[in-house]
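I opened my notebook to look up a few things in this structure. Here is what I went through, entry by entry.

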Amino acid sequence: MIVTVVNVFVKEENIQEFIAATIENHNASVLEPGNLRFDVLQNSEDAARFTLYEAYESIEAAKAHKETAH
């Protein structure tokens, strides 16, 4: 299993736009072959802080994800 954890700090004025784009990314990513999960977490104490947790079955599946349009 290959896991990527991404911590993102979003400018306050861009939070809603970031959420919309990230939900779109999530929805497409979970349909990819080899995707085990794609979690989007928003910090409850700081709404501008997000963590993306992506898990793939293999290096090849993780690499294929990085080549997608989303």
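I start with a term: a residue is buried when its relative accessible area is under 20%, and exposed when it is over 50%. I also note that this is a predicted model.

Entry on the aromatic rings. I searched for aromatic pairs and found one. The ring centres of F18 and F50 are 4.8 Å apart, and their planes meet at 55°, so I call the pair tilted. F18 sits in helix α1 and F50 in strand β3, 32 residues apart, so the pair links distant parts of the chain. I checked both F18 and F50, and both are buried.

Entry on helix α1. I looked at its length next. Helix α1 runs over residues 15-29, which makes 15 residues. At 1.5 Å a residue it should span 21 Å, and I get 20 Å between its end C-alpha atoms, which agrees.

Then I asked which residues of α1 are buried. They are I15, F18, T22, N25 and S29. These cover an arc of only 90° around the axis, so they lie on the same side of α1. I looked up what the buried residues pack against: β1 (2-9), β2 (35-42), β3 (49-56) and α2 (59-66). On the face turned away from the buried side, I found the exposed residues Q16, E17 and E24.

Entry on charges. I searched the whole structure for salt bridges and found one. It joins D39 and R37, with the closest N and O atoms 2.6 Å apart. D39 has a relative accessible area of 22%, so I list D39 as partly exposed. R37 is at 40%, so R37 is partly exposed too.

Key
Residues are numbered from 1 along each chain as its sequence is written. This is a predicted model: local features need pLDDT of at least 70, side-chain atom pairs count only at pLDDT 80 or more; totals for chains, interfaces and linings use all residues. Side-chain values use heavy atoms; hydrogens and water are left out. Helices (H or I, at least four residues) and strands (E, at least two) are DSSP runs, numbered from the N terminus. The expected span of a helix is 1.5 Å times one less than its number of residues. Buried means under 20% relative accessible area, exposed over 50%, partly exposed in between (1.4 Å probe, protein chains only). The arc is that of the directions from the helix axis to the C-beta atoms. Contact means heavy atoms within 4.5 Å. Rings of Phe, Tyr and Trp (its six-membered ring) pair if their centres lie within 6.5 Å; planes under 30 degrees apart count as stacked, over 60 as edge-to-face and the rest as tilted. A salt bridge is a side-chain nitrogen of Lys or Arg within 4 Å of a carboxyl oxygen of Asp or Glu.
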